[in-house]
Amino acid sequence: MAPGDTVEKILHAASVLFAERGFAETSLRTITGMADVNLAAVNYHFGSKKELIQAVFSRVLQPFCLHLNTELDRALNSTKGQVLGIEQILDSCSRALLNTTHESGMSVQRVMRLLSLAYTQNQEHLRQYIVGAYGETYERFAALLQRAAPGLSLVEFYWKLYFMLGAAVFTLSSFDSLRAILNSDYQQDTELEGVLELMIPSLSTILVSGKE
C-alpha cells in the first residue's frame with residue numbers, strides 16, 4: 001500500500017470516528033481497525049493521537065481558510081472598499097464551507113461536529129493549534145463582522161458572535177436529523193443549500209438584535 005493511501009485511510013477513519021464518538025472515546029486501535037492498518041502506521045505517519053487530531057482538523061481548515069479568504073476578497077472587491085454587510089460576510093463563509101466539503105468529500109455535518117468538539121471537549125492542544133495555524137483568518141472574519149455591526153461593546157460582540165456560530169454549528173451538524181423530522185412531521189424537504197440561504201439572514205439577526 002502506498003504511503004499516501006495509508007495516510008488517507010487513517011485520516012478518513014479518524015474523522016468519521018471522532019465526529020461520531022468524540023476524541024477521548026475513540027482509541028487509536030479503533031481507528032486502525034476501521035482503516036485496516038496497523039498501529040505502527042499511525043505512530044509512523046502522525047507520531048501521536050494529538051498530532052492525528054491536529055492533522056484531521058488541518059485537512060478541513062486549511063482549504064476552508066483558503067476558500068474563505070478568496071470569497072472575502074471577492075466580496076470586498078465587489079463593494080469597492082465599502083464595509084461588507086453581515087449577510088455578505090456570512091454568504092462568503094457559506095460558499096467557502098460548501099467548496100471545502102465538495103472538494104474533500106466530507107459532509108458538512110461531519111465538519112461541523114468536528115469543529116464543535118474543539119470547544120466542547122478538553123483539547124487545549126487543539127485550540128492552541130487552531131489559533132496558531134488559522135487564527136489570522138478567523139480574526140479577519142471576526143473583524144469584518146465587527147465593522148458590520150458597530151455600536152456593540154466587545155463583550156456584546158463576543159457573545160453574540162458565539163450565539164451565531166453556535167446556532168450554525170448545531171443546525172448544520174444536525175442537518176440529517178432535522179431534515180428527517182421535517183419530512184416525517186410535515187412531509188416537506190429542504191436541500192442543504194436551501195437551509196444555508198434561510199440561515200444567513202437569521203444568523204445576521206442574532207448579531208444585530210437589541211441594537212438601538
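Residues are numbered from 1 along each chain as its sequence is written, and side-chain values use heavy atoms, with hydrogens and water left out. Because the model is predicted, local features need pLDDT of at least 70 and side-chain atom pairs count only at pLDDT 80 or more, while totals for chains, interfaces and linings use all residues.

The chain is divided into domain 1 (1-47) and domain 2 (53-208). These bounds come from an automatic or database domain assignment. The C-alpha centres of domain 1 and domain 2 lie 27 Å apart. Domain 1 gives 13 residues to the contact and domain 2 gives 14 residues, where contact means heavy atoms within 4.5 Å. The size of an interface is often given as the accessible area lost when the parts come together. Here the area buried between domain 1 and domain 2 is about 1100 Å². Carbon and sulfur atoms give 70% of that area. Buried area is the accessible area (1.4 Å probe) that two parts lose on being put together, summed over both.

Polar links between the domains were then counted. Between domain 1 and domain 2 there are 2 residue pairs in polar contact, both at pLDDT 80 or more. A polar contact is a pair of N or O atoms within 3.5 Å; within protein, one must be able to donate a hydrogen and the other to accept it, and residues adjacent in sequence count only if both atoms are side-chain atoms. On the side of domain 1 that touches domain 2, helix α1 (residues 3-21) supplies the largest share, 8 residues. Helices (H or I, at least four residues) are DSSP runs, numbered from the N terminus. By class, this side of domain 1 has 8 nonpolar, 3 polar and 2 charged residues. Ala, Val, Leu, Ile, Met, Phe, Trp, Tyr, Cys and Pro count as nonpolar, Asp, Glu, Lys and Arg as charged, and the others, Gly among them, as polar.

Side chains of opposite charge can pair when their charged atoms come close. The whole structure holds 7 salt bridges, each a side-chain nitrogen of Lys or Arg within 4 Å of a carboxyl oxygen of Asp or Glu. Between domain 1 and domain 2 the count is 1 salt bridge. Arginine 59 pairs with glutamate 8, with the closest N and O atoms 2.2 Å apart. This pair links distant parts of the chain: arginine 59 lies in helix α4 (residues 49-79) and glutamate 8 in helix α1, 51 residues apart. Glutamate 8 is partly exposed, at 38% relative accessible area. The classes are buried (under 20% relative accessible area), exposed (over 50%) and partly exposed (in between), with a 1.4 Å probe and protein chains only.

A second pair lies within helix α4. Glutamate 71 and arginine 74 are 3 residues apart there, about one turn of the helix. Their closest N and O atoms are 2.9 Å apart. Glutamate 71 counts as buried at 11%, whereas arginine 74 is partly exposed at 48%.

Aspartate 189 forms a salt bridge with arginine 179 at 2.6 Å between the closest N and O atoms. Aspartate 189 sits in the loop between α9 (175-186) and α10 (192-208), and arginine 179 in helix α9. Aspartate 189 is partly exposed at 45%, and arginine 179 is partly exposed at 24%. Arg179, Asp189 and Glu191 are linked in a network of salt bridges.

Arginine 127 is found in helix α7 (residues 124-148). A polar atom of the arginine 127 side chain lies 2.6 Å from the backbone oxygen of alanine 118.

Notes
Helix = DSSP H or I, 4+ residues; strand = E, 2+ residues; numbered from the N terminus.
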